[in-house]
Amino acid sequence: MHPILETKDLRHVYSAGTPFEHTALDGVSLSIFPGEFLGIIGHTGSGKSTLIQHLNALLRPTSGQVLLGGEDIWKDKHFTRQARFRVGLVFQYPEYQLFEETVAKDIAFGPKNMGLQPEEIDRRVREAAGFAGLPEALLDKSPFDLSGGQKRRVAIAGVIAMEPEVLILDEPTAGLDPAGRESILDNLRRFQQAKNAAIVMVSHSMEEVAANAGRLIVMDEGRVFADGAPAEVFARAEALQQIGLAVPQVTAVFLRLRAMGLSLPPVYTVEQARRAILAAKEARPC
Amino acid sequence: MLKDITLGQFFPGSTIVHRLDPRTKLVLLVGYIVALFTARWFVTYGLVLAFLLLAVGLSRIPPKTLLRSMKPLLIVIVITGLLNLFYTSGQVLVQFWIFRITREGIVAAALMILRITMLVCGTFLLTYTTSPIALTDGLELLLGPLKRLHVPVHELSMMMCIALRFIPTLMEETDKIISAQKARGADFETGNLLRRAKAMLPILVPLFISAFRRADELATAMECRCYHGGEGRTRLRQPRFLLHDFLALGLGAALVAAVAILRTMGL
Ligand SMILES: Nc1ncnc2c1ncn2[C@@H]1O[C@H](COP(=O)(O)OP(=O)(O)O)[C@@H](O)[C@H]1O
Ligand SMILES: [Mg+2]
């Protein structure tokens, strides 16, 4: 399968030529495939936010390339603009970007900029609100009267309404309560399946990416430290700890049990752990 | 684009320019500006320029950074230069249509451009090498005597301190909001004036809301820490005049005196 998005040896230097010069990305090459759920993890300052802003042409690479469907995202002005619609980016704490009088109008901002017909915009607003888990009754309210979690859903709906082929979210669950997190993740998965869109989620919660992502990219100091299925990545628990990341708690417990001589498979979600323990118990009744 | 505006930014460092007492630097800046406006001809300008270059050199601020901060003022500089070029009478060199370029005009334009550039560079050098807190502390101490006249010096300098502190924060915030709206296809570059003004709404509304929210949070945080104005407030860092402060002030005084004397000689 051909990747929908690709980066080739991406480098980004902030404030070049000042005392604040900082290389935030240093030779990042990766591919994103249609319909996949990709998790990006890494500790603060590892370059995650910088990386994803390259993927929809908000930042221009210092060197290297971003390819969308095989074509350079910066090849001409028109293509760059289209790229912003095809690759939707939800910033961290997106609730602070709302500005319209009503929720519906705010969600319609993206589709309007795409130049769609009013009926199509209306359909998309309703559909996107549904995907983001917003009840219809809220559509005519002012976004500033909503709760923090609801505002975030409005902002996410505003990007989903552009029907992007790749939806990128920067820490979409930061600062939400556990129920709110689970529900937003659920909404995202539903959107992914309904539209066969690729989802890229930046997170620093291991549990969260482990439970949702089909593939993981670990960033460290502006480079790709690991890239693979969650099982492969978490198998390198020690290496992860060395760059200041922890594996999910159940994984750590199971690694410890294995070190103690129990024959258990590696796991990274609580559900897998439950099944593994039940299977082990059946194999060796006490 | 906004990243080019470095007003109020502070580049931490430990050079002698950084370590000077903020009061010294403020007084030096005033002296420098007086000298700059007293300067009249090449010798006096040269002296002031030498003083600026010395300060820049000692501060280790890259001249490129300093010059880049001129960018937002480019239009002002160009217009001032052109006005001086065309509206100074004297010995005519070139004449076309209603324009007339005189020898005196060229010199006046060059000196005026030099003056504005040096004015801005000097001022920026102060904010680049002095943290906002030190700067407002210095200002408050210098203006302290005005408290007797019931001028709210402490309140004013606290306001200035907060404003300086939040310039970079608001810039960053603006950048973030612009990026977020661009990600939704906002277009700030095409269309006529009215359309462009309207395109600013998605930036201004969130920016104002967030500025008010920040102000509110800051006020609460200050109140929680029992802030109640300047009365009886002590400082963490008591500024103190050291030898290098006296030397720098001496140099500043020499500069002003030299420029004043040379000016009377028409240099
Ligand atoms: N606008 C900017 N200007 C200068 N440096 C920046 C800017 N944005 C981020 N950085 C720096 O780049 C590095 C990577 O930042 P970022 O991509 O935000 O990391 P993450 O999202 O993984 O926390 C950090 O060291 C950060 O300080
Ligand atoms: Mg980040």
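1. The side chains of A:Asp106 and B:Arg184 form a salt bridge, with an N to O distance of 3.0 Å. The rule finds one salt bridge across the interface of chain B and chain A, and the pair A:Asp106 and B:Arg184 joins the two chains in this way. The model discussed here is a predicted one, and the distances quoted below should be read with that in mind.

2. Four residue pairs are found in polar contact across the interface of chain B and chain A, with both residues of each pair at pLDDT 80 or more. On the side of chain B that touches chain A, at least two residues each come from helix 4 (63-68), helix 8 (153-183) and helix 10 (201-224) of chain B. Helix 8 of chain B contributes the most to that side, namely seven residues. By residue class, the side of chain B that touches chain A comprises twelve nonpolar, five polar and six charged residues.

3. The extent of the interface may be stated in two ways. In terms of residues, 23 of chain B are in contact with 26 of chain A. In terms of area, the size of an interface is often given as the accessible area lost when the parts come together. Chain B and chain A bury about 2,100 Å² between them, and carbon and sulfur atoms account for 62% of that area.

4. Ligand 1 is located between chains A and B. It is surrounded by 13 residues, and the closest are A:His22, A:Gly45, A:Lys48, A:Ser49 and A:Thr50. Three of these residues can be described through individual atoms. A polar side-chain atom of A:Thr50 is 2.5 Å from an oxygen atom of ligand 1. For A:Lys48, a backbone N or O atom lies 2.9 Å from an oxygen atom of the ligand. For A:His22, a polar side-chain atom is placed 3.1 Å from a ligand oxygen atom.

5. One within chain A pairs the side chains of A:Glu163 and A:Arg123, at 3.3 Å from N to O. A:Glu163 belongs to the loop between helix 5 (148-160) and strand 7 (166-170) of chain A, and A:Arg123 to helix 4 (residues 118-131) of chain A, so the pair ties together parts that are 40 residues apart in sequence.

6. Chain B contains eleven helices and two strands, and their order along the sequence is α-α-α-α-α-β-β-α-α-α-α-α-α. The chain is divided into domain 1 (1-130 + 238-267) and domain 2 (153-233). Between the C-alpha centres of domain 1 of chain B and domain 2 of chain B the separation is 30 Å. Taken along the principal axes, the C-alpha atoms of chain B fill a box of roughly 65 × 60 × 35 Å.

Terms used: Residues numbered from 1 in each chain as written. Chains lettered and ligands numbered in written order. Predicted model: local features only at pLDDT ≥ 70, side-chain atom pairs only at ≥ 80, totals over all residues. Heavy atoms only, no water. Contact = heavy atoms within 4.5 Å. Buried area = accessible area lost by both parts, 1.4 Å probe. Salt bridge = Lys/Arg side-chain N within 4 Å of Asp/Glu carboxyl O. Polar contact = N/O pair within 3.5 Å; in protein donor to acceptor, adjacent residues only side chain to side chain. Helix = DSSP H or I, 4+ residues; strand = E, 2+ residues; numbered from the N terminus. Nonpolar A, V, L, I, M, F, W, Y, C, P; charged D, E, K, R; others polar. Domains from an automatic or database assignment. Near = heavy atom within 4 Å.
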